[in-house]
Each structure stands twice: as C-alpha cells, then as structure tokens.
Amino acid sequence: MPIAAPEKGRHQLMLVVGEIKDIAPARFGHKIVLKHLPDIPLMAADDLHRRLRKAFAVEFALWEAVDGAHLVAIGTFGVAPSGVATLEQAALMVTTPNWIPFESTFDIALLDALTAAQRPFVKSLRYNVASTKPVATAVLTDTEPATALYVLTPGTSADYRTELTALVAGSSLDSWTWDTTNGQAMPGLPTTRE
C-alpha cells in the first residue's frame with residue numbers, strides 16, 4: 001500500500017517479474033495470476049490484454065501447446081487506493097521446463113536434446129533482432145571451435161536462407177543446421193572435442 005496512488009496527483013509504478021499461472025476474464029478486463037503471488041492478481045485492461053495477445057501470439061501458442069512450458073512476464077504495475085494492482089505494460093517470454101527461452105517446438109526439441117546429452121551450450125536470445133533475421137538457437141561450447149546451432153523452421157524465406165549463408169560464411173564458429181522445412185529429422189549433434 002505505500003505505493004498506492006493518491007486520490008490526486010501522480011501514481012507510482014513498480015516492476016514485477018514472475019511466471020504466469022493463469023489469465024482469466026474478469027468483470028472488467030482480465031485477471032493475471034502469477035504463480036508465486038497467487039493472492040494478489042494483477043488486473044489488465046482489455047486493450048492491454050489484446051495487445052499482449054497480438055504481440056506475443058507465438059509465446060501464448062507455445063505456452064498452451066508445450067507441456068511444462070513456463071510463460072514469464074515482466075511488467076510495470078500500479079496500485080489503486082482500493083488496493084487493486086493494475087498492470088500498465090508487460091512483455092512475455094516462454095521457457096522450457098528448465099527455464100531456457102525458446103521460439104518454436106523445433107527449438108525446444110533441440111534444447112531438450114542438448115540438455116539430455118548434458119552438452120554445455122550458450123542460449124542465443126534475439127533481444128532486438130527481428131524474427132525474420134537468422135540467429136543461432138544455441139552455441140555448443142564443447143567443440144573446437146564452438147558450434148553455432150541453427151534451426152530452419154517451416155515458412156523460412158529465401159532471404160532468411162541467404163542471410164544465414166552469409167552469417168555462417170563470415171563466422172569464426174563452426175555451424176550445424178537442422179532444416180525442418182522438408183520434414184528432416186534432427187541430425188546428430190556435433191561431436192565434442194577430444
């Protein structure tokens with residue numbers, strides 16, 4: 001309550017980071033329940049909920065489809081004088097059961113294979129790189145040199161392939177590519193250095 005908005009004047013915002021347990025319709029807007037904060041739901045206006053569903057459609061689809069996936073939210077919220085916490089803005093990220101971010105079911109298959117094989121790797125994150133630009137899913141660190149692992153998903157454009165070819169050619173890392181566009185099974189992982 002120390003951050004609750006006064007009757008008049010500016011209201012303070014706080015930052016929240018947590019795993020979403022549930023998103024449910026409320027009388028006005030939606031109620032977002034975080035797993036580790038179940039007694040204090042965050043209210044979200046319908047327009048914020050619509051924007052989140054549109055901007056993070058892939059993350060929602062993966063969260064709903066992949067068993068054990070976590071949907072992590074980071075956002076700002078304020079507290080009304082009534083004590084109701086309302087989400088102002090948010091961003092979402094979907095992770096594997098081991099808390100590793102992923103972008104597709106093919107990514108999670110590769111990450112699960114790396115984890116099961118106990119291979120050391122660095123997970124690449126997009127940050128501000130568009131989904132139309134190639135980024136390694138992960139970089140294996142137990143090969144010499146390290147190996148960038150790429151996954152081509154269905155719908156990959158010719159431009160994406162051209163950019164990936166140029167990226168691989170200009171890199172000091174070895175590369176491994178899984179082309180799922182033709183139904184190819186995951187190739188064997190690169191061997192470790194001796």
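What radius of gyration does the protein have, and what would a compact globule of 194 residues have? I looked this up first: the protein has 21 Å, whereas a compact globule of 194 residues would have a value near 16 Å. The radius is taken over C-alpha atoms, and the globule rule is 2.2 Å times the number of residues to the power 0.38. Along the principal axes, I found that the C-alpha trace spans about 65 × 35 × 30 Å.

A note on the basis of these entries. This is a predicted model, in which local features need pLDDT of at least 70, side-chain atom pairs count only at pLDDT 80 or more, and totals for chains, interfaces and linings use all residues. Residues are numbered from 1 along each chain as its sequence is written, and side-chain values use heavy atoms, with hydrogens and water left out.

**Elements.** I listed four helices and nine strands (DSSP runs numbered from the N terminus: helices are H or I with at least four residues, strands E with at least two). From the N terminus on, the order reads β-β-β-α-α-β-β-α-β-β-β-α-β.

**Cavity.** A cavity here is a set of points on a 1 Å grid over the protein atoms alone where a 1.4 Å probe fits but cannot get out; lining residues have an atom within 4 Å of a point. Grid points are joined across faces, edges and corners, and the volume is the space filled by probe spheres set on the points. The largest cavity comes to about 90 Å³. Its lining has 16 residues, with Ile-20, Ile-32, Ala-73, Leu-87 and Ala-90 nearest the centre. Strands β1 (14-25), β2 (30-34), β4 (70-79) and β5 (85-95) each give two or more residues to this lining, and β1 gives the most, with five.

**Aromatic rings.** My search of the whole structure gave two aromatic pairs (ring centres of Phe, Tyr and Trp, the last by its six-membered ring, within 6.5 Å; planes under 30 degrees apart are stacked, over 60 edge-to-face, the rest tilted). One of them, Phe-106 with Trp-178, is edge-to-face at 5.7 Å centre to centre, with 85 degrees between the planes. Phe-106 belongs to helix α3 (residues 105-116) and Trp-178 to strand β9 (residues 174-179), so the pair ties together parts 72 residues apart in sequence.

Trp-178 is buried at 6% relative accessibility, while Phe-106 is partly exposed at 25% (buried is under 20% relative accessible area, exposed over 50%, partly exposed in between; 1.4 Å probe, protein chains only).

Terms used:
On a 1 Å grid over the protein atoms alone, a cavity is a set of points where a 1.4 Å probe fits but cannot get out, and a pocket is an open set with protein on both sides within 12 Å along at least five of seven lines; lining residues have an atom within 4 Å of a point.
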